[in-house]
Amino acid sequence: GPFVHQHDVDFLNDSVLIFYNNNTFRNWAGAKIKKARTLGKDEKFVYAGGFNNNLVSYNLATKEFTTIADSVFKANKIHTATEGLVEFLGPNTYFVEEQNPGILWVIHNDKVVYKDVFRSQHEGYHHLPNWNRVISYGGKRL
């Protein structure tokens with residue numbers, strides 16, 4: 001698909017999957033490449049976009065990929081090389097964990113309504129959020 005280093009797959013509804021796409025290329029230090037490989041006749045490179053994270057949906061019925069709010073991720077430079085997640089709170093509202101820098105976001109109607117760092121008790125440092133989740137209690141989100 002049109003993504004690189006994706007994970008945190010969620011069901012948005014009965015026919016759509018959501019992937020958190022880190023969209024990051026890794027350069028493995030010390031890896032020894034013995035021989036460059038060429039693409040086979042039926043193979044092709046897939047352009048994964050720029051180096052900002054984004055959300056990608058996959059419709060199981062139509063077999064189509066779509067990016068979600070890519071402009072919000074680009075405008076706010078939301079990027080974590082590893083991990084990260086999204087949790088949809090409603091049709092147009094979602095929570096994003098930018099894991100490496102420890103930034104937590106809530107985005108509503110393509111606008112940032114909350115942004116904060118998961119602060120540490122040590123000045124100048126932050127904690128790694130490590131896959132936060134939003135919990136519902138009695139039908140209400142806490």
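Me: Why is Asp116 called partly exposed?

Reply: In this predicted model, Asp116 has a relative accessible area of 25%. Buried requires under 20% and exposed over 50%, so Asp116 falls in between and is partly exposed.

Me: What makes Asp116 and Arg119 a salt bridge?

Reply: The closest N and O atoms of Asp116 and Arg119 are 2.5 Å apart. The criterion asks for a side-chain nitrogen of Lys or Arg within 4 Å of a carboxyl oxygen of Asp or Glu, so the pair qualifies. In the whole structure, two salt bridges are found.

Me: Why is Arg119 counted as exposed?

Reply: Its relative accessibility is 56%. The class begins over 50%, so Arg119 is exposed.

Me: How do you know that Asp70 forms a salt bridge with Lys74?

Reply: The closest N and O atoms of Asp70 and Lys74 are 3.3 Å apart, and the limit is 4 Å, so the pair is counted. Both residues belong to helix H1 (residues 70–75) and lie four residues apart, about one turn of the helix.

Me: Which accessibility classes do Asp70 and Lys74 receive, and why?

Reply: Asp70 has 18% relative accessibility; the value is under 20%, so Asp70 is buried. Lys74 stands at 46%, which lies between 20% and 50%, so Lys74 is partly exposed.

Me: Why is the aromatic pair of Tyr58 and Phe65 called tilted?

Reply: By the rule applied, there are three aromatic pairs. The ring centres of Tyr58 and Phe65 are 4.7 Å apart, within the 6.5 Å limit. Their planes stand at 40 degrees; stacked needs under 30 and edge-to-face over 60, so the pair is tilted.

Me: What makes E1 and E4 the edge strands?

Reply: The open sheet has four strands in the order E1-E2-E3-E4, with antiparallel pairing. Strand E1 (6–11) and strand E4 (64–68) each have a single partner strand, so one side of each is left without a neighbour in the sheet. Neighbouring strands are turned by 25 degrees against each other on average, direction ignored.

Me: How do you know that E1 and E2 pair?

Reply: E1 and strand E2 (residues 16–21) are joined in the antiparallel sense over four bridges. At least two are needed, so the strands pair. Asp10 has Ile18 in E2 as its bridge partner.

Technical notes: Residues numbered from 1 in each chain as written. Predicted model: local features only at pLDDT ≥ 70, side-chain atom pairs only at ≥ 80, totals over all residues. Heavy atoms only, no water. Axes fitted to C-alpha atoms, helices over the stretch in contact; angles between N-to-C directions. Phe/Tyr/Trp six-rings, centres within 6.5 Å; stacked < 30°, edge-to-face > 60°. Buried < 20%, exposed > 50% of the residue type's maximum accessible area, 1.4 Å probe, protein only.
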